[in-house]
Structures are given as C-alpha cells and as structure tokens.
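Hello,

Here is the structure you are taking over. My notes on its charged residues follow below.

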Amino acid sequence: ALTRGHMDGPAFWGPIVRTGEDRAVMHRESYVVHAIDGGIPPGSVRGLIFSRLAARSVLRVPMPLGKAVFGSLFFLSRATEQFSDDDLGFARRVADIVVVMH
C-alpha cells in the first residue's frame with residue numbers, strides 16, 4: 001500500500017539488477033534501518049527503491065515459506081527513526097497473515 005505518492009512511468013517500474021551485496025541481504029533476518037541515508041548504499045537495489053519512494057526509515061521482515069524465503073514485507077516511512085525493534089513482532093504477524101492469504 002502506498003499513501004501520498006504517485007509512481008508512474010517505466011523508470012519506477014523497470015527492472016533493477018541485483019548485485020552481490022543485494023543478494024547477501026536476502027536472508028531470513030528481520031531488520032530496522034533508522035535512517036536510510038548512510039545506512040543503505042544508494043546504488044543498491046534497496047537504495048534505488050527506497051529513493052524512488054522517498055523512504056527515510058524502514059522495517060523489513062521476511063515472509064518464509066518452509067525453509068526458503070518467499071519474499072519480504074517492508075514497512076517504509078518518509079521520516080527517520082520511525083521504527084524500532086519493538087515493532088518487529090507486529091510486522092512478523094502481518095507477514096504471516098500475508099503468506100497465509102497468498
């Protein structure tokens with residue numbers, strides 16, 4: 001879901017090639033980034049996507065499917081310091097519901 005944003009055009013929806021660093025973050029660990037600036041390399045897939053969405057902080061939880069990772073659920077904010085480790089439990093519950101509904 002996206003609020004207060006309009007993402008049209010091929011530049012936003014076009015493919016992005018993952019690098020070795022991008023593959024390294026495809027793991028089962030949840031994480032919180034309090035400030036994207038300085039915390040995420042700007043040329044990485046995450047850096048490009050977060051920049052396109054004007055995200056300044058992020059919370060990520062994986063969506064496991066058996067022993068593999070089915071995908072990730074990201075909570076983004078256009079303000080820094082919007083998420084903490086205390087939010088991870090809620091985010092995991094939402095991810096579990098999304099997986100079951102898929």
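R60 is buried (under 20% relative accessible area, with over 50% called exposed and partly exposed in between; 1.4 Å probe, protein chains only), but has no salt bridge. The nearest side chain of opposite charge is that of E29, 7.7 Å away. Here Lys and Arg count as positive, Asp and Glu as negative, and His and the chain ends are not counted. A salt bridge requires a side-chain nitrogen of Lys or Arg within 4 Å of a carboxyl oxygen of Asp or Glu.

This is a predicted model, in which local features need pLDDT of at least 70, side-chain atom pairs count only at pLDDT 80 or more, and totals for chains, interfaces and linings use all residues. Residues are numbered from 1 along each chain as its sequence is written, and side-chain values use heavy atoms, with hydrogens and water left out.

R60 is found in strand β2 (residues 57-65); strands are DSSP runs of E, at least two residues, and helices runs of H or I, at least four, numbered from the N terminus. The R60 side chain reaches the backbone oxygen of E29 at 2.5 Å. With the side chain of S72, the side chain of R60 makes a polar contact at 2.8 Å.

The salt bridge count comes to 1. The pair is D37 and R56, with the closest N and O atoms 4.0 Å apart. D37 lies in the loop between β1 (31-33) and α3 (45-52) and R56 in the loop between α3 and β2, so the bridge ties together parts 19 residues apart in sequence. D37 is exposed at 61% relative accessible area, while R56 is partly exposed at 36%.

Regards

Notes: A polar contact is a pair of N or O atoms within 3.5 Å; within protein, one must be able to donate a hydrogen and the other to accept it, and residues adjacent in sequence count only if both atoms are side-chain atoms.
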